[in-house]
2 protein chains.
Amino acid sequence: MAYATDEILQTLRTAREGSGLSQRDLSARIGVPQSHISKIESGGTDLRLSSLVELARALDHEVVLVPRKLLPAVEAIVRNASSALSDDARLRSSVLNRAQAAVTRLNRLHQDAPGLDRLNQAFRELSNFQLGNSELEVIRRVTDRLMKLPMNRNALPVIQSASNQLRELRNRIAHAVPEAPRPAYALDEEDEDA
Amino acid sequence: MAYATDEILQTLRTAREGSGLSQRDLSARIGVPQSHISKIESGGTDLRLSSLVELARALDHEVVLVPRKLLPAVEAIVRNASSALSDDARLRSSVLNRAQAAVTRLNRLHQDAPGLDRLNQAFRELSNFQLGNSELEVIRRVTDRLMKLPMNRNALPVIQSASNQLRELRNRIAHAVPEAPRPAYALDEEDEDA
DNA sequence: GGCCCTGATATGTTATAATAGATCATTAGG
DNA sequence: CCTAATGATCTATTATAACATATCAGGGCC
């Protein structure tokens, strides 16, 4: 039987990939070198417990000790939910891919539009956030408007409005991020408006 | 909010105590110094993952990563089962306490009986083992016979038989102990008949 | 072909887990 | 009072995680 540590590390990698994060994204988020994340996920190091907890939490997981007798029941719950979660992940993917296409088209057709830089930045950051259904709905509405954009100057206020909506959404989510406990490696205090 | 690591370490201590093991018992079982177990349980060290897995397994637990959304469901399963587990623990305690009383009485009334030393040793070791319901039933039957023991020489074959049954049970359980994976610290290969 | 992004690997330094062993303070039982 | 068992604390040594930084190889896209 495979060591449980291999399964745990595989779960970490799957959760990271499922969140659409690269190792560098996760590194930026929690302040651990990308090379170290690679080593961890590949089993090249025997992780400290506090580091495991920090990584797990960054990926919306918790470390739990479960009586062996209950392992089948717990695994069943996790399995059922991860098919639901992959539905969520698929929805997220779908919305973000369509939004990406709209943003790409926007940049091609209106490359000099005011507010475009800010819209690009807000969108890039939103792509790295955990997004609930209400946030995805906001992005979907913005995408719809960008898809219907006219070619003429009437587009400019729509672009401006889209930029504002995405930035408001980005700021709302960024401000909601809770402060994590400091483990073996600590999150640097971020100045998010910098 | 308490750090997850504190909860995990508390779960380890509770599981050890629930198994009726002292830190020295656990130390002997998994080959880690008792002082280190004390430090771990008290939060004085940031445990390696492989060490956590080894400790958890020695106490019939597994380390699992659970999506945060599912934590309430998983905690509910564990909570419900731990009241069942404490029923098990109570049954175990009850059977072992009564057997202990029978063995104590036996040692007082028949201190020179052949086989008594072996019975004492088998019983002491059995007290440190994980015991299922069938094992507890064997111990209960032996206890019943010891409780009904006559004062005269007719007791001797019953004592001998009880000694044999407990030693058979002890050997059966000792031989069933599975080999564990070798973590940061490895179980020494034990010569159990030594 | 060049650029960008990704995960993996390498080197060097520092802090600490793991180990061994001893000892202490407390509690319970005879 | 003495003994035994327990969990906690201490000292010294060794192996390695964590971190910083650089670099590599592969794949995708233009």
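This is a predicted model: local features need pLDDT of at least 70, side-chain atom pairs count only at pLDDT 80 or more; totals for chains, interfaces and linings use all residues.
**Symmetry**

- Two copies of a chain are related by a rotation about an axis and a shift along it.

**How much the chains share**

- The size of an interface is often given as the accessible area lost when the parts come together.
- Chain A and chain B bury about 4000 Å² between them, and 70% of that is on carbon and sulfur atoms.
- Which residues of chain A lose the most area to chain B? They are L49(A), L65(A) and R68(A), which together make up 19% of what that side buries.
- Counting contacts instead, 40 residues of chain A touch 39 residues of chain B.

- One to look up is the salt bridge of R68(A) with D60(B), where the closest N and O atoms are 2.8 Å apart.
- On the chain A side, the elements giving two or more residues to the contact with chain B are helix 1 (4–18), helix 4, strand 1 and helix 5 (71–109).
- Helix 5 of chain A supplies the largest share of that side, with 8 residues.

**The strands that pair up**

- Strand 1 of chain A and strand 1 of chain B run antiparallel, and 7 bridges join them.
- Follow the pairing across and you'll find L65(A) standing opposite V63(B).
- Is strand 1 of chain B mostly covered or uncovered? It's mostly covered: 7 of its 7 residues are buried.
- H61(B), V63(B), L65(B) and P67(B) point one way from strand 1 of chain B, while E62(B), V64(B) and V66(B) point the other way, and all are buried.

**D60 in both chains**

- D60(A) sits in the loop between helix 4 (49–58) and strand 1 (61–67) of chain A.
- In chain B, D60(B) lies in the loop between helix 4 (49–58) and strand 1 (61–67).
- Phi of D60(A) is near 60°, a positive value in a residue other than glycine, and phi of D60(B) is near 60° too.
- Why does D60(A) count as partly exposed? Its relative accessible area is 26%, so it falls between the 20% limit for buried and the 50% limit for exposed.
- D60(B) is partly exposed as well, with a relative accessible area of 26%.

**A last stop in chain B**

- L109(B) belongs to helix 5 (residues 71–109) of chain B.
- This leucine, L109(B), is partly exposed, with a relative accessible area of 33%.
- In sequence, L109(B) and L149(B) are 40 residues apart, but in space their C-alpha atoms are 9.8 Å apart.

Technical notes. Residues are numbered from 1 along each chain as its sequence is written. Chains are lettered from A and ligands numbered from 1 in the order in which they are written. Side-chain values use heavy atoms; hydrogens and water are left out. Helices (H or I, at least four residues) and strands (E, at least two) are DSSP runs, numbered from the N terminus. Buried means under 20% relative accessible area, exposed over 50%, partly exposed in between (1.4 Å probe, protein chains only). Two strands pair if DSSP finds at least two bridges between them. Contact means heavy atoms within 4.5 Å. Buried area is the accessible area (1.4 Å probe) that two parts lose on being put together, summed over both. A salt bridge is a side-chain nitrogen of Lys or Arg within 4 Å of a carboxyl oxygen of Asp or Glu.
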